[in-house]
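Work through the exercises below with the sequence and the 3D structure at hand. Try each task before reading its solution.

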Amino acid sequence: MAHHSPNPAILNSFANADEIVDSLAFFIASAQKEAIDKKGRFTVALSGGSLPKMLRGLIGNPSIKWDKWQVFYADERVVPLDHPDSNHLACTNLLFSKVPIPADNIHVLDVSLLDDLEELSDAYEKELIREFAQKDAARFPVFDLILLGMGPDGHTASLFPGHELLAEEDRWIAYLEDSPKPPPKRITFTYPVINHAARVVFVAAGKEKVEILRQVLDTPEDGLPASRVKPVFPGQLYWFVDDAAAAAVQYPRSPFKL
Ligand SMILES: O=C1O[C@H](COP(=O)(O)O)[C@@H](O)[C@H](O)[C@H]1O
């Protein structure tokens with residue numbers, strides 16, 4: 001069988017966050033259309049941190065078919081769903097409470113298992129297996145879209161620099177109790193899941209991301225967690241950033257305006 005290298009990442013840089021918001025909404029709507037036309041559903045994973053507010057271009061957008069979305073979290077903090085640290089709470093406050101998505105289409109932590117991380121992460125993995133395994137019969141789930149952020153230390157989802165979970169090759173969902181960024185207990189997609197997606201999008205804005213974005217894009221050999229996101233062919237990686245974050249990056253910008 002022919003071996004394909006990963007497609008090179010596509011870097012889109014915009015003047016400001018509002019431009020990212022508009023282009024991202026357009027991008028998500030077209031990924032959604034392609035997925036629904038092909039399979040009747042759209043599987044998407046969201047992150048917390050600064051990502052949820054960048055999804056505001058989806059609110060009131062008539063091309064979004066909310067009843068066809070199946071939403072998972074690329075990582076989640078092990079806290080109740082109404083806790084201020086919950087990624088689900090952030091996505092609910094900034095997006096889901098403002099759009100007609102059926103609650104059953106949002107896959108959240110089983111909060112009865114918050115005291116047992118092994119059981120909790122297994123249960124979330126089973127939730128993915130229910131969505132993907134019988135339908136696509138693949139070794140790893142193939143999300144239509146995974147939306148990620150990148151912390152100022154280069155972490156993404158809850159995959160942190162130097163952490164043993166960077167080497168996880170089998171599990172779909174892993175847990176950690178020693179996150180260097182609070183809260184310490186989290187569950188996270190592993191690289192095999194992230195890197196089997198059809199599309200992975202990083203969103204990063206602001207001058208506080210300038211140095212880490214330069215390092216992640218220009219010296220990927222440093223092996224920071226965000227640099228290890230390399231979707232397997234034909235998957236595609238996109239960066240949606242603002243000019244402030246991209247100010248020091250040498251990596252070529254996409255010549256195409258989205
Ligand atoms: O802790 C987390 O951090 C990352 C990055 O957050 P950001 O605020 O720098 O965008 C986020 O993507 C992840 O979901 C979250 O749990």
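A contact means that heavy atoms lie within 4.5 Å. The model is predicted, so local features need pLDDT of at least 70 and side-chain atom pairs count only at pLDDT 80 or more, while totals for chains, interfaces and linings use all residues. Residues are numbered from 1 along each chain as its sequence is written, and side-chain values use heavy atoms, with hydrogens and water left out.

**Exercise 1. The whole chain**

Task: Describe the secondary structure, the size and the contacts of the protein.

Step 1. Helices (H or I, at least four residues) and strands (E, at least two) are DSSP runs, numbered from the N terminus. The protein has 5 helices and 9 strands. Along the sequence their order is β-α-β-β-β-α-α-β-β-β-α-β-α-β.

Step 2. The radius of gyration is taken over C-alpha atoms, and the globule rule is 2.2 Å times the number of residues to the power 0.38. For 258 residues, a compact globule would come out near 18 Å; the protein has 17 Å, which agrees. Along the principal axes, the C-alpha atoms fill a box of roughly 45 × 45 × 45 Å.

Step 3. Of the contacts with a separation of 6 or more, 78% link residues 24 or more positions apart.

Step 4. Buried means under 20% relative accessible area, exposed over 50%, and partly exposed in between (1.4 Å probe, protein chains only). By this rule 53% of the 258 residues are buried.

**Exercise 2. Strand S5 and its partners**

Task: Which way do the residues of strand S5 (residues 145–148) point, and are they buried or exposed? Then find the strands that pair with S5.

Step 1. Leu-145 and Leu-147 point to one side of S5, Ile-146 and Leu-148 point the other way, and all are buried.

Step 2. Two strands pair if DSSP finds at least two bridges between them. Strand S2 (residues 42–46) pairs with S5 in the parallel sense over 2 bridges. In this pairing, Val-44 stands opposite Leu-145.

Step 3. S5 also runs parallel to strand S8 (residues 199–204), joined to it by 3 bridges. Here Ile-146 stands opposite Val-200.

**Exercise 3. Leu-11 and strand S1**

Task: Place Leu-11 in the fold and list what it touches.

Step 1. Leu-11 belongs to strand S1 (residues 10–14). Its relative accessible area is 1%, so Leu-11 is buried. For the strand as a whole, 4 of the 5 residues are buried, so S1 is largely enclosed by the rest of the structure.

Step 2. S1 pairs with strand S9 (residues 236–242) in the parallel sense, over 5 bridges.

Step 3. Leu-11 and Trp-239 are 228 residues apart in sequence, and their C-alpha atoms are 4.8 Å apart in space. Leaving aside neighbours within four places in sequence, the contacts of Leu-11 include Leu-217, Trp-239, Val-241, Tyr-251 and Arg-253.

Step 4. Arg-253 is in the segment after S9. At 37% relative accessibility, Arg-253 counts as partly exposed. Not counting residues up to four places away in sequence, Arg-253 touches Leu-11, Ser-13 and Ala-246. Arg-253 and Asn-12 are 241 residues apart in sequence, with 5.9 Å between their C-alpha atoms.

**Exercise 4. Backbone details in loops**

Task: Where do the cis peptide bonds lie, and which phi value does Ala-157 have?

Step 1. The bond from Pro-182 to Pro-183 is cis, with omega near -5 degrees. Pro-183 is in the loop between strand S6 (173–176) and strand S7 (186–189).

Step 2. The bond from Phe-233 to Pro-234 is also cis, with omega near 5 degrees. Pro-234 is in the loop between helix H5 (210–218) and S9.

Step 3. Ala-157 is not a glycine, yet has a positive phi of about 45 degrees. Ala-157 sits in the loop between S5 and S6. At 8% relative accessibility, Ala-157 counts as buried.

**Exercise 5. An alanine in another loop**

Task: Is Ala-103 buried or exposed?

Step 1. Ala-103 is in the loop between helix H2 (87–94) and helix H3 (117–136).

Step 2. With a relative accessible area of 62%, Ala-103 is exposed.

Step 3. Ala-103 and Val-201 are 98 residues apart along the chain, and their C-alpha atoms are separated by 24 Å.
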